Amino acid sequence: MDRRDFVKGAAALTATAAAGIGQAQQAGAPVAKRSILTATAQFDPARPEIARVVAQSCKSLGWEVEANPIDYNQGITKVINEHDFEMFLVFLPGTAIRIDPDFFIRSIHHSTEHKRGGFNWAGYKNDRVDALATVQSRLMKIDDRRKPVLEAQETIFQDQPGTVLAYTQMTMAHRSDKLKGLVPQLGEGIGGFWSDVNMEVAGDGFSRTGSNADVKHLNPVAVNDSMEFMELSMIYDRLFRLGPDGKPVPWAASGMKLVDDKTIDLTIRSGMRWHDGKPVTAEDVKFTFDYHKKWKAPFFLAALNNVVAVELPSPNTVRIRLENPSAPFVSNVMATMFLLPKHIWEGIPEKVGIDDPLKFPNDKPVGSGPFKFDYWRRGSELKVTAFREHFNPPKCAGIIRITYGSHDALAAAIEKGECDRSRYILSPALVDRIKNVKNVVAKGYPSHGLYHLAYNNKIKPFDDPAFRQALNHVMPRKMISELILLGYADPGASIISPISTFWHNPAVKVPAEDVKKARDILAKAGYGWDAQGKLLSPRGK
Amino acid sequence: MTAYILRRLLSALLTLLGVAVILFVLFRMMPGDPTAQIISPALDAAAQDRLKQAFGLDLPVWQQFIIYLKNTATLEWGRSFTTGQPVASLLGGWLVNTLLLMSTGLVLAISLGVVLGIFMAARRGGPLDNGATVLGLVFQASPPFVIGILLLMGLSYQFEIFPSGGMFTPGADPGNTWALITSKDFLEHLVLPTLTITALYLSTPMLVMRDSMLEVLGSDFVEFARAKGLSPVRVLFRHAARNALLAVVTVSSLILGFAIGGQIVIETVFSWPGMGKAMVDAAMQHDYPVAQAAFFLMAAVVIGLNFITDLSYSLLDPRIRLGTT
């Protein structure tokens, strides 16, 4: 949308504002001013901007809204732990484990997830959605899950507990003169595992992969968000890997059989070895589950509560017994948790003189992954080399993962050829700037991440579904995608991005920006406007 | 002399204790709960509690304070919230990197400043005096990142003489530390940030030296030395400069204090894995143990340098030593 359209739109609003006055006599008090909580520009330049244009659009309804960008930590504490907010604008990154629809359908919308640390901070409750969310999470056959997921999406869209504003792409850059054969992965772009193992690197064979964030630690038990997986996933293997499209691919488990809905038999791939030469056994897999459960590994704590027992019915078979059937178990646990060598972790933490494995530095990690740990100079670089004995050995000689001081420094290093790939998102403005540099490929890669505006459904006026539906029609989605996110995004609607072709419900369509329609919805629900065009609540509400 | 040293030492230690207490209070007054940063929102309540307990955040504040004081006194500082590493070992590495960069830059800035100051005073009002004054003020007035980025644009991106950042070329063999920091690769990486620091901090010692020289050059004993028939160079360096140096020693400790603050920006611009960058990261991530220890260490460096300055005064000027009794 260009500036002229915007002005035209604004003119149209004034006209409709006049039309609404008629209802004023039936309406009550003015709708209270509300604010949009979000992160500061320092944290994400886009968020305060988006909050501002959304606030501006809300004004077209005669309703005062202001943007309130605050420190990110402070914000999420208020929202997630205290539910103390009015509207919350957040970016939900499309990490690989969120390709499974369980996160977007159940975690964000099930009423039991409205709790401290839960993602249903909006306080949304719809019995039908609760039922559908539970059903999809317990159906072990992927095709059976599709129907409830599609229906839930549509119901959620009707109810608008929050509004999906934009589906973003992952803006990343690499050198085409150095790297060949990158495999973009949903949610990880060209910085993910499939590029790590499949890329061919010119020169000495080592990819210089850069990030603006330092590697935090190399302790697979202590991970607490999926960003920490990126380096570990080169060194450590998992039972499954999420493929480039997000579907689990058998990995350390060469086969899986559902004995019944609550019993999974895994065949452990033969011939695998740890980097120190010892064989990877079913014992190690059982140990990994028991260890994570015993020490309450934070990231897996909730999911592992559902594991009743891990047994070894035969030398290369692992049987996992679940308390309840769990569809996302494969992607959220088996394709996420890293396998630990029993002979190394057995005595930890006692043998290293600490009381908790979360505090174990694991400075020299030994895994069974396609890359062996070489060295780590904290704050500057981590080097891993190809583990040739792996069943899926990398095509490159290794990866040197470099930490840069800022996005700008990283972009400059790619421009100069000192760095050949960005590990994660490089800011859209920089990608835009270096996209025409010779031998640099800088562009957006598909992701299911999205900008989401949650409403606190427990407070006025957001407790009224009609009000939320009206908001859905005034959101400046085009402006957000094209002007603020520089075209590396598309207007959003359903909580599941169309990128996830299998799970997305195509019946959910992006609504056009239509202030008149929004006003009609409000008028029909009993709202009115005073002489100054100020929005009034329905009488008695 | 001993009494003087002891008195200075005691006041330095008291200041450090004050810093320690302020840091503890300040970090807890920062907006936002540390658990929100170190504990991902993807975790449910039980997992959040699990992490709080692992890092002692479930304890009452007064208990945390006692543990903190104990850790500070023993220089242990506990473990980083974000990395799980012992803080002491983390900081050790960063401090070395920072000192390598900062000491090179400041030694260069101060020695160059002193020498330039002497010549500027000797030829007061001449082209060197005027030119260096203007240039020095321009450098001092510009924000640190501007000089750094201009140097990067010119000497790294445009002419590709120097690397764009970091301490080493990625993948350089990480032999022992000594071999690394004497390598050509390291020295090449050191040039641009060092030049930035030199340019930034040159003007103060230079101008102070110049002014102090002018004052000394006008005094009677210099007149007398000239009258004795000593060579002008000898008068300038042996007699005048030595006396003028005292003022530079004073400001040097102040410069160090500023330099530590400026270090944060320079390390970010040049991706230098040092203390400044680590401090910012730790503060942003609410990694209390690391942030507190880093700030404390920085304060200790400043206080320690002040202490050394005080002592060196008494060596350069015996009057100060006598005046304390």
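Student: Is A:C419 buried or exposed?
Tutor: A:C419 counts as buried, because its relative accessibility is 0%. Keep in mind that this is a predicted model.

Student: What about disulfides? How many turn up over all chains?
Tutor: Zero, in a search of the whole structure. A:C419 is in no disulfide, and the nearest cysteine sulfur, that of A:C396, is 14 Å away.

Student: Let's zoom out. How many helices and strands does chain A have?
Tutor: Chain A has 17 helices and 24 strands.

Student: What is the radius of gyration of chain A?
Tutor: Chain A has 25 Å. A compact globule with 541 residues would come out near 24 Å, so the value agrees. The C-alpha atoms fill a box of roughly 80 × 55 × 45 Å along the principal axes.

Student: What share of the residues counts as buried?
Tutor: 61% of the 541 residues of chain A. The accessible surface of the chain is about 20300 Å², and carbon and sulfur atoms hold 52% of that.

Student: What about contacts in chain A? How many join residues 24 or more positions apart?
Tutor: Such pairs make up 70% of the contacts with a separation of 6 or more.

Student: Now the open sheet. Which strands form it, and in what order?
Tutor: Six strands of chain A, in the order β3-β2-β4-β21-β5-β22, with mixed pairing. The edges are β3 (65-70) and β22 (489-491), each pairing on one side only. From one strand to the next, the twist averages 25°.

Student: Which helix packs on the sheet?
Tutor: Helix α3 of chain A, residues 72-82. Helix α3 touches β2, β3 and β4, and its direction makes about 115° with that of β3(A).

Student: In what sense do β2 and β3 pair, parallel or antiparallel?
Tutor: Parallel, over six bridges. A:R34 stands opposite A:V65 in β3(A).

Student: What holds paired strands together in general?
Tutor: Backbone hydrogen bonds, in either a parallel or an antiparallel arrangement.

Student: Switch to β6 of chain A. How many of its residues are buried?
Tutor: Six of its six, over residues 170-175. Both faces are covered: A:M170, A:M172 and A:H174 on one side, A:T171, A:A173 and A:R175 on the other.

Student: Which strand is joined to β6(A) by six bridges?
Tutor: Strand β20 of chain A, residues 440-445, and the two run antiparallel. A:A173 has A:A442 as its bridge partner there.

Student: Next, the loops. Where is A:N120?
Tutor: In the loop between α4 (102-109) and α5 (127-138) of chain A. A:N120 is buried, at 0% relative accessible area. Its contacts beyond four places in sequence include A:S107, A:H110 and A:E113.

Student: Which peptide bonds are cis?
Tutor: Among them is the one from A:I348 to A:P349, with omega near 15°. The bond from A:K460 to A:P461 is also cis, with omega near -5°. A:P461 is in the loop between β21 and α15 of chain A.

Student: What is the phi of A:K296?
Tutor: About 50°, a positive value although A:K296 is not a glycine. A:K296 counts as partly exposed, because its relative accessibility is 44%.

Conventions. Residues are numbered from 1 along each chain as its sequence is written. Chains are lettered from A and ligands numbered from 1 in the order in which they are written. This is a predicted model: local features need pLDDT of at least 70, side-chain atom pairs count only at pLDDT 80 or more; totals for chains, interfaces and linings use all residues. Side-chain values use heavy atoms; hydrogens and water are left out. A disulfide is a pair of cysteine sulfur atoms within 2.5 Å. Buried means under 20% relative accessible area, exposed over 50%, partly exposed in between (1.4 Å probe, protein chains only). Two strands pair if DSSP finds at least two bridges between them. Helices (H or I, at least four residues) and strands (E, at least two) are DSSP runs, numbered from the N terminus. Axes are lines fitted to C-alpha atoms, for helices over the stretch in contact, and angles run from 0 to 180 degrees between N-to-C directions. Contact means heavy atoms within 4.5 Å. The radius of gyration is taken over C-alpha atoms; the globule rule is 2.2 Å times the number of residues to the power 0.38. Accessible areas come from the Shrake-Rupley method with a 1.4 Å probe; for residues, only the protein chains shown count as cover.
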